[in-house]
Amino acid sequence: MKKNGTLWKTFAFISLAMVGVFASKLTWAQSENTNKSYFRQLGQELPTPNNYRTASGAPGHEYWQQRADYDIKVELDDEKQRITGSETVTYTNNSPDPLSYIWLQLDQNILDKESDTYKTQTGAGRRGGMSQLGDKMSPSQLKALADRSFDGGHKIQYVRDATGNPLKFTIVKTMMRIDLPKILRKGEKLVFNVGWYYNVNDRLNPAQQAASRGGCELFPEDGNWLYSITQWFPRMAVYDDYNGWNHKQFLGQGEFSLTFGNYKVAITVPSDHIVGATGVLQNPAQVLTTEQQNRFNQSKTAKKPVVIVTQAEVAEKEKTKAKDKKTWVYYAENVRDFAFTSSRKLIWDAMGVNIGGKTVMAMSYYPKEANPLYGQYSTEAVAHTLRIYSKHTFDYPYPVAISVEASNGMEYPMICFNYGRPEKDGTYAERVKYGAISVIIHEVGHNFFPMIVNSDERHWTWMDEGLNTFLQFLAEQEWDRNYPASRGFPRTIVDYMKSDQSELEPIMTNSESVKQLGPNAYAKPATALNILRETVMGRELFDYSFKEYSKRWMFKHPNPADFFRTMEDASGVDLDWFWRGWFYTTDPVDISIDKVIEGVFDTKNPEIEKARIRAERASKPEELTILRNRKDIPQTAVENNADLKDFYNEYDPLAVTETDRKNYQAYLATLTPDDKKWLENQKYFYQVDLSNVGGLVMPVIIEFEFEDGTKEVEKIPAEIWRVDNKKISKIFVKDKRVKSFTLDPYLETADIDLANNAFPRKQTPSRFELLKQQPYMRGQSTGPNPMQMQKKEKEGTKTGGGGR
């Protein structure tokens, strides 16, 4: 082996006749270490198919789901920051089961003084995080650990039947059971009424957060509040065929499981407020000026967003606070939830988007503090999201999609709350710009998952967050060719995948039990799907199957098995090994090239083969003893006595004889013309020994770089590991001599150790830099702001200023 490491340690010379024997030995060697765990079919892990959910992943012929329709009247008290509401709920039992009670969700009780979220929180994390006192904590966070003075829980005033008679109810933390006076049978409807109120939490106050998602924000400069009203009314829990009543308590991390229905909601607010909400505004003439109505009508056919409520109008309203009230009426069909925003600070813009031949209104509401970012990008990002997601799933079916800047990140049907504010001078860092665009794409994208494909967030966060983050990645790539995506590329999940295994859980872990929700439920499933699309299935098969899943489960309640089964059913690809590895384990990808053996084809030509053997022997270094003997032993016994010599002292076994030549000609006579032609072309054989260090089986993608500088890539399906998950050998035949071998040359598989991907090994330079860690708050720029720097330079130039 040369000192530069470009040649191989071992040379094996094999004949054509020996290839089959050699391959047989390799197969036998593999069977010695058999491990079929990854390629065992997902049987016991998945629920048994039935008439409700089929083995193909489609809804069965007896599939059913419940329905809940709401008529709600709500008033916002802007002085006390309080919500007071009453609702009439019509609940339809479509199940085959008789129901003697029903369950409602009181998610606002997460802010009750006796909330289990407070009691079980292990640190200062926003959603029950694991940070401890030894970590950096602000004074407000420390104070929040002890301050439980705020009471933001639901205060139920009454529960009555349709005739006004009281119904017995029991509140169990974030759930409420209503006992029915008579059995609710299949096909029957139940109408009941609930009255309640609660205090709206200050979202930016750590003592009032508790993972509540919604709330209000005070702007001290003008004394006005911006409201994000979410999880605000008693909502029906899901009753379905695989959970029964889904009344798992809301602790903050596992989000929502909800029932579809129609909503009519009358929202009473101060008359100078603007209200954006789920659904379509029913009474614009009563709440908007004539000019605002005209602007809205113009926006329906506009090519760019039209401002309906201007910044100048907002600035005037901020100076005073109206004493009278207005009621905004919204109606939404076939949605699983309802949310709204209200404030006198809201600028409003909109434009129509053609989705499948229908006009969908893309709209944004934001305070002036979010300009110019939201005025320039928000509604355009909403429209872009609708187009790209519709391309990969189904045409967006709702009439509206709204982005609200509320220094938040949360999703609801047709409306979502986002963040990303510039500096006070209107400049912003690049990370703030792309952070805002990404969160808008992500939260608007949630309209598809889980608002329409209505998975169970309380149990399986990844089913909406992971799928949505994957589609977010696709939408980001179509927004800007050089988009700085933080999730989706396989390389972005490597650090998480190579973490201490004790800190990781499989994706298939209940939402409340995940330590690192972002990597586990967002980034890892998104990366897995991208790898499935690009490397395992290919774009065409994946896109068809993913679209099939989306269409099958529109406005229905899928579970993980429905997704896994549909992707296989529609593609014809067995993916059990992939689901098992990526979703049921924490194993990382780490495939190593352990050894390469170069084999040269035995031509049988004695002129060639004996010369090659002679050259090989001559190239070997002489042993130390031989070298020293030449000096220390002037003459051997044979050299000193000719009588000791015989035939073999002069015999050269590598000399070509006439017998060798005759045997070669006889060999050639046995070959067909095709055999002779193949023999004349020089072939190079390489046995590549691979080991699966990480444990997660993946396709083997190997790049061959030849001595002439050209390259070739081969992709071998993951099934190469099906007999032995740990070690495999593969023989490659090439027309040119290979200089080097590289696994995963395009970084497709999230391999956590690139050092063992090359043979011969390559030196990987590392760069060390001391970094001062600084806290990062959503929507705030803590890094460089070149826009601001350049603005200050220009202003200094104009005024003749200078300096350092």
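Reply: Helices (H or I, at least four residues) and strands (E, at least two) are DSSP runs, numbered from the N terminus. Axes are lines fitted to C-alpha atoms, for helices over the stretch in contact, with angles from 0 to 180 degrees between N-to-C directions. The model is predicted, so local features need pLDDT of at least 70 and side-chain atom pairs pLDDT 80 or more, while totals for chains, interfaces and linings use all residues. Residues are numbered from 1 along each chain as its sequence is written, and side-chain values use heavy atoms, without hydrogens or water.

As background, the protein has 21 helices and 31 strands. Of its 804 residues, 52% are buried (under 20% relative accessible area; exposed is over 50%, partly exposed in between; 1.4 Å probe, protein chains only). Counting contacts (heavy atoms within 4.5 Å) with a separation of 6 or more, 76% join residues 24 or more positions apart.

The pair to look at is α12 and α13. Helix α12 covers residues 539–552 and helix α13 covers residues 560–571; their axes lie 8 Å apart, at an angle of about 130 degrees. On the α12 side, the contact is made by Leu541, Phe542, Tyr544, Ser545, Phe546, Glu548, Tyr549 and Arg552. These meet Asp562, Phe563, Thr566, Met567, Asp569, Ala570 and Ser571 in α13. By type, the contact of α12 with α13 has eight nonpolar, three polar and four charged residues. Here Ala, Val, Leu, Ile, Met, Phe, Trp, Tyr, Cys and Pro count as nonpolar, Asp, Glu, Lys and Arg as charged, and the others, Gly among them, as polar.

The loop between α12 and α13 holds phenylalanine 555. Phenylalanine 555 is not a glycine, yet its phi is positive, about 60 degrees. Its relative accessibility is 18%, and phenylalanine 555 therefore counts as buried.

Helix α11 (residues 517–536) and helix α14 (residues 576–584) have axes that come within 11 Å and cross at roughly 155 degrees. The two helices are therefore roughly antiparallel to each other. Lys524, Pro525, Ala528, Ile531, Leu532 and Val536 in α11 meet Trp577, Phe578, Trp579, Trp582 and Phe583 in α14. The contact of α11 with α14 consists of ten nonpolar residues, no polar ones and one charged.

Leaving out neighbours within four places in sequence, tryptophan 582 contacts Met497, Ile507, Lys524, Ala528, Ile531, Val589, Leu696, Met698, Thr749 and Ala750. Alanine 750, in the loop between β30 (738–743) and β31 (758–759), is also not a glycine and has a positive phi of about 65 degrees. The relative accessible area of alanine 750 is 3%, which means that it is buried.

A third pair can be set beside these two. The axes of α7 and α9 are 9 Å apart at an angle of about 115 degrees. That makes α7 roughly perpendicular to α9. In α7, the residues in contact are Tyr377, Glu380, Ala381, His384, Ile388, Tyr389, Lys391 and His392. They meet Asn468, Leu471, Gln472, Leu474, Ala475, Glu478 and Trp479 in α9. The contact of α7 with α9 divides into eight nonpolar, four polar and three charged residues.

Asparagine 371 is joined to proline 372 by a cis bond with omega about 10 degrees, and proline 372 is in the loop between β21 (358–366) and α7 (373–392). The bond from phenylalanine 449 to proline 450 is cis as well, with omega near 15 degrees. Proline 450 is in the loop between α8 (430–445) and α9 (462–479).

Methods. Parallel < 35°, antiparallel > 145°, perpendicular 65-115°, else oblique.
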